[in-house]
Amino acid sequence: GELVARKERRLGGIILESQPLKEISDEERINILTEAVRNSNLELLSWTESAIHLQERILNLRKWRPEEGWPDLNRDHMLATIESWLPPWLATVKKKDDFRKISLEQIFLAMVDWKLQDKIDKLAPEKILVPSGSWIKVKYQADGSQPVLAVRLQEIFGMKETPLINEGRTKLLIHLLSPAFRAVQVTQDLASFWKNTYPEVRKELRTRYPKHHWPDDPYTAEAVRGARRKR
């Protein structure tokens, strides 16, 4: 798990003499470490959930807004261009575990033009505030397809329209969940769901979750975060 340098004298495959090298050039060390990361398919780096989420958000913005110059963070492209972005982050790497200390989130942000960095949260927010007061994480798709908001139905009573992101250009696909976090409906037209589908869904939920309150009028009902029981 460590980078070891040795000076060897060989005869074919036979090592005649070997001695450790205390110093190698920074260029040699960086080249060796970069090649190790490449050969691991970038897996030596720490692909945390938050890093992957940021990567997906930026990839979506690249697809939605191609005229703005968002970077290509696709893994294949990152591998092909690894010499252009990885070396500055390898200064403190001496052993395998040190790769995990490199922040992929910081790398991704560094690859975004500074004029665009402040737009990420505005255009592709990490979370959406719903009427219950909860901040619900948005699931972005790496291919730029419709992002998903999976939320318990009781938490969005009073939300009349489907939330929009990307300056109103992109609708969220809402996965409506039961109190047990099971999907009961998928819609991108919340207004139509309340009007046409909710009455039937309400009947089913009243049977499956009789201790919960399922109001006749979802527009004026109080959105609840927990298990508010029916009166």
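Which residue of strand 9 does Leu 177 stand opposite? Leu 177 faces Ala 183 in that strand, where helices (H or I, at least four residues) and strands (E, at least two) are DSSP runs numbered from the N terminus.

## About the model

This is a predicted model, in which local features need pLDDT of at least 70 and side-chain atom pairs count only at pLDDT 80 or more, while totals for chains, interfaces and linings use all residues. Residues are numbered from 1 along each chain as its sequence is written, and side-chain values use heavy atoms, with hydrogens and water left out.

## The hairpin of strands 8 and 9

Strand 8 (residues 173–177) and strand 9 (residues 183–187) run antiparallel and are joined by four bridges; two strands pair if DSSP finds at least two bridges between them. Five residues lie between the strands of this hairpin, in which Phe 181 takes a positive phi near 65 degrees.

## The buried face of helix 5

In helix 5 (residues 104–111), the buried residues are Leu 104, Ile 107 and Phe 108; buried means under 20% relative accessible area, exposed over 50%, and partly exposed in between (1.4 Å probe, protein chains only). Seen down the helix axis, these buried residues fall within an arc of 95 degrees, so they line one face of helix 5, the arc being that of the directions from the helix axis to the C-beta atoms. An α-helix has 3.6 residues a turn, so residues three or four places apart point the same way. The cover over the buried residues of helix 5 includes helix 2 (49–64), helix 3 (75–80) and helix 4 (82–85).

Arg 57 belongs to helix 2 and, at 5% relative accessibility, counts as buried. Leaving aside neighbours within four places in sequence, Arg 57 is in contact (heavy atoms within 4.5 Å) with Ile 120, Asp 121, Ala 124, Pro 125, Glu 126 and Tyr 140. Between Arg 57 and Ile 120, which are 63 residues apart in sequence, the C-alpha to C-alpha distance is 7.6 Å.

Glu 8, placed in strand 1 (residues 6–11), counts as partly exposed at 35% relative accessibility. Not counting residues up to four places away in sequence, Glu 8 touches Ile 15, Glu 17 and Ser 18. The C-alpha atoms of Glu 8 and Gln 19 are separated by 6.6 Å, although these residues are 11 apart along the chain.
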